[in-house]
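Student: Could we go through this model together? I'd like to begin with the charged side chains and then move on to the strands and the surface.

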Amino acid sequence: MRRFLPSAFVSFVFFVSLFSAQRSYAQAPDAVGVRAQGMAGAFTAVADDATASWWNPAGIAAGALLNLIVEYGDLNDPPVPDMPAHRGFALAFPALGVSYYRMTVSEIRPADTTATSSGVRQDTGMPSVRSLDLSQFGVTVGQSAGRHLVIASTLKVISADGDTEPGLDIGAMTIYGLFRAGVTVRNVRQATFGDGDAEMTLQRQVRAGAALSSATSTAFGGATIAVDADLRAIPTVAGDERRIATGGELWTKQRWLGGRAGVSLSTIGEKRTAYSGGVSIAARRGIFVDAQVPGGSDPSRKGWSGALRVTF
């Protein structure tokens with residue numbers, strides 16, 4: 001076991017460095033998952049429910065025998081006209097997951113410029129926001145590499161702007177005792193929608209996290225504290241950001257009530273601090289109602305979200 005840990009660590013570091021050298025764009029990572037949002041996005045190393053298909057595909061191996069989530073959220077502030085609120089469905093077993101998400105994906109576009117007679121470029125308009133109504137269907141599969149390391153992927157079909165494109169996310173997670181670490185590479189294949197000035201690309205993102213958990217499955221109780229960090233810059237409607245987040249989750253011993261909270265900020269540009277809090281109530285054993293509300297100075301993280309979660 002001791003000989004395995006160095007090799008697992010080397011594999012983990014190599015996996016991160018393989019994709020961390022380039023710059024990325026668009027599609028905020030914390031757009032899915034009521035529990036994850038309640039922890040301010042500190043979820044990459046936790047990811048033990050069906051939203052692992054989004055947060056870290058390798059997390060499905062750490063979850064329950066069956067996990068089903070139906071979620072709805074309105075986190076768009078200011079609202080984009082005629083765009084739907086976020087909706088999602090995910091079903092996961094320890095080695096297989098299926099998911100469907102529909103959301104609004106937005107990016108800010110700079111003002112148009114034109115050259116004067118002296119060669120100096122001047123703004124001719126105001127920055128604009130480009131938004132897509134995006135639907136994503138995914139199938140998640142994983143493979144253990146020894147006792148402590150799991151590598152998994154989510155194969156995606158993404159539809160937007162009248163076009164359909166394939167996609168791929170890859171995740172890795174290692175668990176040793178109370179310690180967990182994870183990394184996710186989202187949009188390994190960068191899907192592009194639209195043409196010309198309307199073109200929008202879902203660029204590659206890399207996010208890593210670590211956590212300490214007192215329970216084998218935080219979906220069934222215990223305490224968890226986690227930290228996440230973007231390894232690449234991500235442009236959003238509020239400007240470029242590279243977020244670091246920390247959050248925690250605590251359940252009662254009877255496992256009928258759980259609470260969570262977290263805070264995140266950008267390490268580049270304006271800090272745009274965001275905080276959040278959430279709660280889970282068990283309607284009966286294995287059936288939970290989850291809810292969360294964000295706050296703070298970040299205008300792109302406002303609203304609310306809720307979910308029905310079934311776990312056995």
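Predicted model: local features only at pLDDT ≥ 70, side-chain atom pairs only at ≥ 80, totals over all residues.

Tutor: Let us begin with R260 and E249, which form a salt bridge whose closest N and O atoms are 2.8 Å apart.

Student: Is R260 buried or exposed, and why?

Tutor: R260 counts as buried because its relative accessibility is 4%, and the cut-off for buried is under 20% relative accessible area.

Student: And E249, buried or exposed?

Tutor: E249 also has a relative accessibility of 4%, so it counts as buried.

Student: Which other residue forms a salt bridge with E249?

Tutor: R35 does, and the closest N and O atoms of R35 and E249 are 2.8 Å apart. Here too the pair links distant parts of the chain, with R35 in helix α2 and E249 in strand β16 (residues 243–251), 214 residues apart. Both R35 and E249 are buried.

Student: What about D48, which residue does it pair with?

Tutor: D48 forms a salt bridge with R35, and the closest N and O atoms are 2.8 Å apart. D48 sits in the loop between α2 (34–38) and α3 (52–55), while R35 is in helix α2, so that the pair, 13 residues apart, links distant parts of the chain. D48 and R35 are both buried.

Student: Which residues make up the whole network?

Tutor: The salt bridges link R35, D48, D49, E249 and R260 in a network.

Student: How many salt bridges does the count come to?

Tutor: The count comes to twelve salt bridges, taking a side-chain nitrogen of Lys or Arg within 4 Å of a carboxyl oxygen of Asp or Glu as the criterion.

Student: Switching to backbone angles, what is the phi of A40?

Tutor: A40 has a positive phi of about 60°, although it is not a glycine. It is worth a remark because most residues other than glycine have a negative phi. A40 lies in the loop between α2 and α3, and at 7% relative accessibility A40 counts as buried.

Student: What about D161, where is it and what is its phi?

Tutor: D161 is in the turn of the hairpin formed by β7 and β8, which has two residues between the strands, and D161 has a positive phi of about 55°. With a relative accessibility of 46%, D161 counts as partly exposed.

Student: How many bridges join β7 to β8, and which way do they run?

Tutor: Strand β7 (residues 149–160) and strand β8 (residues 163–176) run antiparallel and are joined by twelve bridges. Within that pairing, I151 stands opposite A172 in β8.

Student: Then what does β8 do with β9?

Tutor: β8 pairs with strand β9 (residues 179–186) in the antiparallel sense, over seven bridges, and the bridge partner of M173 in β9 is G182. These two strands form a hairpin with two residues between them, in which G177 takes a positive phi near 65°.

Student: Now β6. What does V141 touch?

Tutor: Not counting residues up to four places away in sequence, V141 touches A95, L96, A152 and S153. V141 lies in strand β6 (residues 128–144) and is partly exposed, with a relative accessible area of 37%. V141 and A61 are 80 residues apart in sequence, and their C-alpha atoms are 9.4 Å apart in space.

Student: And Q143, buried or exposed?

Tutor: Q143, which lies in strand β6, is exposed, with a relative accessible area of 55%. Leaving aside neighbours within four places in sequence, Q143 is in contact with L149, V150 and I151. From Q143 to A58 the C-alpha distance is 8.1 Å, and the two residues are 85 residues apart in sequence.

Student: Last topic: which residues form the nonpolar patch on the surface?

Tutor: The patch consists of V70, F89, Y100, F137, V157, V289 and L308, which together have about 570 Å² of accessible area. Of these, V70 lies in strand β1 (residues 67–74) and is partly exposed, with a relative accessible area of 40%.

Key:
Residues numbered from 1 in each chain as written. Heavy atoms only, no water. Patch = residues over 30% accessible without salt bridge, like charges linked within 9 Å, V, L, I, M, F, W, Y side chains within 5 Å. Areas by Shrake-Rupley, 256 points an atom, 1.4 Å probe, with all protein chains shown as cover. Helix = DSSP H or I, 4+ residues; strand = E, 2+ residues; numbered from the N terminus. Buried < 20%, exposed > 50% of the residue type's maximum accessible area, 1.4 Å probe, protein only. Pairing = 2+ DSSP bridges. Contact = heavy atoms within 4.5 Å.
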